[in-house]
Amino acid sequence: MTGGCTADAPRWPGPAGRGPVVAVGKLVADQVLELSAPLVAGGQQRVVRTTTAGGAPANVTAGVARLGVPARLAGWAGADPLADGLLAGLAGRGVGLAVVRRGRAPLSTVLVHPGGERTLLTDHGEGALEPADVRAEWLAGAAVVHLDGYDLLRFPAALRALTATAHGLGVPVSVDVAAATRIAAHGAAAYADLLAALRPDLLLGNAGEAAVLGLDGARPAWAPPLVLVHAGARPTRVLTAAGTWEVPVEPLPEDRLRDTTGCGDAFAAGVLAGWRAGLPVLDAVRSGHAAAAEVAAVPGGQPPP
């Protein structure tokens with residue numbers, strides 16, 4: 001433990017179940033373009049192209065499955081051939097599927113710059129997740145349900161219906177927040193209200209997201225019992241009502257850093273798998289760091305198969 005906290009150790013808000021980790025949201029097609037040089041307006045260069053399933057729910061379930069833990073993707077997927085292939089790829093990884101299908105899958109173009117940093121360009125696709133789509137069987141036997149904070153901006157009513165079902169079944173809820181720019185554009189206070197309405201047990205985000213939500217100072221009243229703030233190579237902060245802890249990140253060799261896309265989702269996968277296994281919180285955070293390092297070494301947000 002570091003950071004001067006006087007409490008013995010952070011604790012989970014409650015036990016996770018023994019069933020699958022269920023991630024709910026939209027399925028996205030990720031087109032990853034690895035740039036060979038810095039992008040120049042009006043220029044031309046060759047790229048390495050990779051297309052995979054994407055979006056936080058798909059990335060998290062793929063990460064959980066790679067750790068040998070049952071995983072289920074629930075929510076909305078396109079009804080187009082592109083989504084057919086993405087779903088087949090996830091099933092091949094051992095991810096269970098429980099999705100409604102309509103419209104066209106969203107497409108993200110991910111520009112991976114030299115050094116591993118990325119720029120994300122996304123369209124909405126054609127379709128959405130509606131409150132009437134939510135099924136209690138999506139959460140049958142779930143250990144924990146995980147939600148994507150981007151989807152909270154797009155279909156909040158459906159996610160409120162989903163979390164109400166989860167709470168009714170006694171399933172803990174985890175939320176990974178949207179990007180700081182999206183939160184600021186929506187209004188930090190309004191976004192905090194959306195989060196509070198879900199009554200999550202665990203909140204995850206990076207340092208920039210935590211700052212815009214006011215989680216880098218005094219603990220706001222709406223904050224859930226456990227908050228994890230990851231910051232790349234810097235220590236992850238673990239926040240509870242009892243205090244704050246810091247968990248250092250093992251250094252990643254430069255030749256292992258290929259693409260940061262999906263590292264936050266991989267971190268969430270490691271943490272959720274650790275919660276399900278009953279690991280102490282700090283050990284689960286270390287598992288999240290290890291999972292993120294695996295994804296950083298490959299193009300795209302999916303872990304190596």
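1. A friendly place to start is a pair of helices: helix 1 and helix 8 lie oblique to each other. Do keep in mind while reading that this is a predicted model. Helix 1 covers residues 56-66 and helix 8 covers residues 263-277; their axes come within 8 Å and cross at roughly 50°. An angle of 65 to 115 degrees would count as roughly perpendicular and one under 35 degrees as roughly parallel, so the crossing here falls into the oblique class. The crossing of helix 1 with helix 8 is right-handed.

2. Which residues make the contact between these helices? From helix 1 come Ala56, Asn59, Val60, Gly63 and Val64, and from helix 8 come Asp265, Ala268, Ala269 and Leu272. By kind, the contact of helix 1 with helix 8 has 6 nonpolar residues, 2 polar and 1 charged.

3. Next, have a look at strand 2, which spans residues 28-35. Is it buried or exposed? 8 of its 8 residues are buried, so strand 2 is largely enclosed by the rest of the structure. Its side chains split by direction: Val28, Asp30, Val32 and Glu34 point one way, while Ala29, Gln31, Leu33 and Leu35 point the other way. Both sets are buried, and Asp30 and Glu34 are among them.

4. Strand 2 also has paired neighbours. With strand 3 (residues 47-54) it runs antiparallel, joined by 8 bridges. With strand 6 (residues 107-112) the pairing is parallel, over 6 bridges. Gln31 is a handy residue for tracing both pairings: its bridge partner in strand 3 is Thr51, and its bridge partner in strand 6 is Thr109.

5. Asp151 deserves a stop of its own. You will find Asp151 in helix 3, which covers residues 151-154. Its relative accessible area is 0%, and Asp151 is therefore buried, as the cut-off for that word is under 20%. What does Asp151 touch, leaving aside residues up to four places away in sequence? The answer is Val24, Gly25, Lys26, Pro57, Pro156 and Leu159.

6. Arg199 has a relative accessible area of 53%, so it counts as exposed, whereas Asp151 is buried.

Methods:
Residues are numbered from 1 along each chain as its sequence is written. This is a predicted model: local features need pLDDT of at least 70, side-chain atom pairs count only at pLDDT 80 or more; totals for chains, interfaces and linings use all residues. Side-chain values use heavy atoms; hydrogens and water are left out. Buried means under 20% relative accessible area, exposed over 50%, partly exposed in between (1.4 Å probe, protein chains only). Helices (H or I, at least four residues) and strands (E, at least two) are DSSP runs, numbered from the N terminus. Two strands pair if DSSP finds at least two bridges between them. Contact means heavy atoms within 4.5 Å. Axes are lines fitted to C-alpha atoms, for helices over the stretch in contact, and angles run from 0 to 180 degrees between N-to-C directions. Angles under 35 degrees count as roughly parallel, over 145 as roughly antiparallel, 65 to 115 as roughly perpendicular and the rest as oblique. A crossing is left-handed if the near helix is turned anticlockwise from the far one by less than a right angle, and right-handed if clockwise. Ala, Val, Leu, Ile, Met, Phe, Trp, Tyr, Cys and Pro count as nonpolar, Asp, Glu, Lys and Arg as charged, and the others, Gly among them, as polar.
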